[in-house]
Amino acid sequence: MVPFVLKKEPGYILNSLLVLFLEAALDLAACGFADPKAIDENWKIATGSSQSPFQIYDVVRLNTAYNIAANGKGDQAKRNTKWLKENYINKGYLGVSTGEGFYKYGVKKSSSL
């Protein structure tokens, strides 16, 4: 990553864009418009990217995604955090580090939330 000074606060431009991108994908899934795999497949086909939103979530851990979403306000944040918690986090599906998140990565390892 390359640090840039944002006009209002320090940070990374990539992270500022990435959070919005990931939240949009999460919202599509939490609202039931499409499942994570369909969203990812569509993203990869449309952009030619090798990494898709829910693959990125699996790398950064779903509890990280939950914490970011929990800082949001309004119905969207509540819906997204509830959906993540009920469908993934409560089941121990936190991503690559636990062997399963939105995708399976082999043998499930113990996790600490």
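Which residues of H5 are buried? In this predicted model, they are Ala77, Asn80, Thr81, Trp83 and Leu84.

**View 1. Helix H5, residues 75-87, and its buried face.** H5 has 13 residues and reaches 18 Å from its first C-alpha to its last, close to the 18 Å expected at 1.5 Å a residue. Its buried residues are Ala77, Asn80, Thr81, Trp83 and Leu84. Seen down the axis of H5, these fall within an arc of 160°, so they line one face of the helix. An α-helix has 3.6 residues a turn, so residues three or four places apart point the same way. Asp75 and Lys78 are exposed, on the face of H5 turned away from the buried side. The buried residues pack against helix H1 (13-30), helix H2 (36-47) and helix H4 (62-70).

**View 2. The largest nonpolar core.** This core has 18 residues, and those touching the most other members are Leu26, Phe54, Tyr57, Leu62, Trp83, Leu84 and Phe102. At least two residues of the core come from each of H1, helix H3 (53-60), H4 and H5. H1 gives the most, with five residues. In soluble globular proteins, nonpolar side chains tend to be buried together.

**View 3. The surroundings of Leu62.** Neighbours within four places in sequence are left aside, apart from which Leu62 is in contact with Tyr57, Leu84, Tyr88, Ile89, Tyr93, Leu94, Gly95, Gly101 and Phe102. Leu62, Tyr57, Leu84 and Phe102 are among the core residues that touch the most other members.

**View 4. Helix H3 and the residue Arg61 just after it.** H3 is mostly covered, with six of its eight residues buried. The buried residues are Pro53, Phe54, Gln55, Ile56, Tyr57 and Asp58, and they pack against H1, H2 and H4. Arg61 lies in the loop between H3 and H4. Although Arg61 is not a glycine, its phi is positive, at about 85°. Most residues other than glycine have a negative phi.

**View 5. The largest pocket.** About 180 Å³ of space lies in this pocket. It is lined by 13 residues, of which Leu18, Val19, Leu22, Val60 and Ile68 are the closest to its centre. H1, H3 and H4 are the elements that give two or more residues to the lining. H1 gives the most, with six residues.

Terms used. Residues numbered from 1 in each chain as written. Predicted model: local features only at pLDDT ≥ 70, side-chain atom pairs only at ≥ 80, totals over all residues. Heavy atoms only, no water. Helix = DSSP H or I, 4+ residues; strand = E, 2+ residues; numbered from the N terminus. Expected span 1.5 Å × (residues − 1). Buried < 20%, exposed > 50% of the residue type's maximum accessible area, 1.4 Å probe, protein only. Arc of directions from axis to C-beta. Contact = heavy atoms within 4.5 Å. Core = buried A, V, L, I, M, F, W, Y, C linked by side-chain atoms within 4.5 Å. 1 Å grid on protein atoms, 1.4 Å probe; cavity = no way out; pocket = protein on both sides within 12 Å on 5 of 7 lines; lining within 4 Å. Points joined across faces, edges and corners; volume = space filled by probe spheres on them.
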